[in-house]
Amino acid sequence: MQEDGGGSAPERAARGLERWERAGRGLSPWARRVAWAAAEAMLCDEDERGELAPPGAEVCERAVAALDLALGQGSPETRRSFALLAACLDLLPPFVIGAFGRMSRLSLGRRLAYLEALESSRSGLLAMLLLAFKVPMCIAAFEEGAELALTGFDRESTAARRRLPGLGAGGGA
């Protein structure tokens, strides 16, 4: 039986694709909100007036969905551990920057200050807490569209074929 042109189930399994086709959520709705708030702060930019501007919803959704899918493919222990990391990320602002409130409820500027404080913390554990979210979400966020172009990649997606210039007359090695 073939599905969507990807070959039979054994062929997909041999290529390692079957595990990505299984439906699975790795983040609870609460942890998803924490990840969204973190992604919004990590990926924000300044507008023409120099004020913080959140990224588009599609960029945050792409980042959080990739994290959600990756965790959904992981073990139950991995999902529980990441739920604990999400709780820590959300509840530590009073101890890191003195801002009373959860990270997911702080303003964009305060969230950015909090994430910067985590990243530059003298405690490696706090820096690693941020990296647990930052690495998987930023990889996914910069895989398509205008965000990919910001990296210097010259194609519209990582899956697009590269257009190499032809070897015109006199060209060659």
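Predicted model: local features only at pLDDT ≥ 70, side-chain atom pairs only at ≥ 80, totals over all residues.
Biologist: Thanks! How many salt bridges are there in the whole structure?
Modeller: A pair counts when the nitrogen is within 4 Å of the carboxyl oxygen. Searching the whole structure on that basis gives a total of seven.

Biologist: Which residue forms a salt bridge with aspartate 68?
Modeller: Aspartate 68 lies in helix 4 (residues 57-72), and its partner sits in the loop between helix 2 (18-21) and helix 3 (29-42), so the pair ties together parts that are 43 residues apart in sequence. The closest N and O atoms are 2.5 Å apart, and the partner is arginine 25.

Biologist: Is aspartate 68 buried or exposed?
Modeller: Buried means under 20% relative accessible area, and exposed means over 50%. Arginine 25, at 59%, counts as exposed. Aspartate 68 has a relative accessibility of 2%, so this residue counts as buried.

Biologist: And where is glutamate 119, the salt-bridge partner of lysine 134?
Modeller: The closest N and O atoms of lysine 134 and glutamate 119 are 2.5 Å apart. This pair links distant parts of the chain, 15 residues apart: lysine 134 is in helix 8 (residues 124-141), while glutamate 119 is in helix 7 (residues 108-119).

Note on methods. Residues numbered from 1 in each chain as written. Heavy atoms only, no water. Salt bridge = Lys/Arg side-chain N within 4 Å of Asp/Glu carboxyl O. Helix = DSSP H or I, 4+ residues; strand = E, 2+ residues; numbered from the N terminus. Buried < 20%, exposed > 50% of the residue type's maximum accessible area, 1.4 Å probe, protein only.
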